[in-house]
Amino acid sequence: DREVLVSEVERMLKDPRADAFSVHFPSAWLRLDKLGKMPPSGGEYQFYRNVKIEPMLAEQVTRYFRDMLAANSPVEEFVDSDFTYMNHPLAKWIYRREGIRGHVLKRVDVDSRRGGGIFTLPGLMTATANGVDTSPVVRGSWVLENILGTPPAPPPPDVEPLPTDTRLAKTIRDQLELHRKHAACNNCHQKIDPIGFPFENFDVVGRWRDQYKTSKTKVDPSSILSNGKEVGDILDFKKYLMEKKELVIRCLTEKMLIYATGRKLEALDRGEVDRIVKELAEKDNGLRDLVCLVATSDIFLSK
């Protein structure tokens, strides 16, 4: 009985044990498991280990998801919002913001919408960096696979990751321009790189930067996407994601179904995914509604 199933889903979501979902699903969806694989250390990043900032970055992602789930907030708030979560260490070391006290994460208004949304949280920016530098390729691939649901093809096995002769390259943008001269690389990189460049203002721990520390060159977050659309910075890119919110919502739906069933989706599942996305739109794309639709779907109930 669907009404009974829906009431049981709601009952279970209210149980404290359901908090495990808010911890584990965002980690699987956004690949937060990569956080800590190559942590920054030494020099200006010594605080990362000394202050034990990494668990706070993970908890910030969890808190964002948990509160949206509790409030049945629209999925669009993952893309853009006017709030985030901070405690004193995060405010001091990451956001460089005064007036935040205590170690408990608090919901606070952001000074600029560039800090709103879950996709630019410092934990995810750290997880998509290598502890030393950032890469538009890594972050662009991450967006395509985990946010837009259109993963790029794997690189050819006989092509080097970046050109060995970088004497003419002063920035990562120059290096990638040389890399794209390989015909085998150009097709994928013209799709990946432009999506990664708007994130370049976030350094390896998600702090905002206007110039690269080593080269002293100004960060250029602008790009022209593969469809010809010009994007000036992360704010423009968030607007683009909002224009493509159907892709974002569909990707989230598919990721949640994969998490719920423990298997990859198949072509036969497409019709049920379409139904969930359509019904969710009728419910204003609420996150809690999405969980209910997934848990009462034929894909989940027949797993």
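Axes here are lines fitted to C-alpha atoms, for helices over the stretch in contact, and angles run from 0 to 180 degrees between N-to-C directions. On that basis, H4 and helix H13 (residues 287-295) pack at about 80°, with axes 6 Å apart. This is a predicted model: local features need pLDDT of at least 70, side-chain atom pairs count only at pLDDT 80 or more, and totals for chains, interfaces and linings use all residues. Residues are numbered from 1 along each chain as its sequence is written, and side-chain values use heavy atoms, with hydrogens and water left out.

**Whole chain**

- The protein chain has 14 helices and four strands. Helices (H or I, at least four residues) and strands (E, at least two) are DSSP runs, numbered from the N terminus.
- Of its 303 residues, 46% are buried (under 20% relative accessible area, with a 1.4 Å probe and protein chains only).
- Contact means heavy atoms within 4.5 Å. Among contacts between residues at least 6 apart in sequence, 66% join residues at least 24 apart.
- The chain exposes about 15,600 Å², and carbon and sulfur atoms supply 52% of that area (Shrake-Rupley method, 1.4 Å probe).

- H4 covers residues 54-71, and its 18 residues should span 26 Å at 1.5 Å a residue; the end C-alpha atoms are 26 Å apart, which agrees. The expected span is 1.5 Å times one less than the number of residues.
- Buried residues of H4 include Met-56, Leu-57, Tyr-64, Phe-65, Met-68 and Leu-69.
- Phe-65, Met-68, Leu-69 and Ala-70 of H4 make the contact with Leu-287, Arg-288 and Val-291 of H13.

**Helices H11 and H12**

- The axes of H11 (residues 245-261) and H12 (residues 270-282) come within 10 Å and cross at roughly 125°.
- H11 and H12 are therefore oblique to each other.
- From H11, Ile-249, Arg-250, Thr-253, Glu-254 and Leu-257 meet residues of H12, among them Arg-270, Val-273, Asp-274 and Leu-280.

**Helix H7**

- Nine of the eleven residues of H7 (residues 136-146) are buried, so this helix is largely enclosed by the rest of the structure.
- Its buried residues include Arg-139, Trp-142, Leu-144 and Asn-146.

Terms used:
Buried means under 20% relative accessible area, exposed over 50%, partly exposed in between (1.4 Å probe, protein chains only). Angles under 35 degrees count as roughly parallel, over 145 as roughly antiparallel, 65 to 115 as roughly perpendicular and the rest as oblique.
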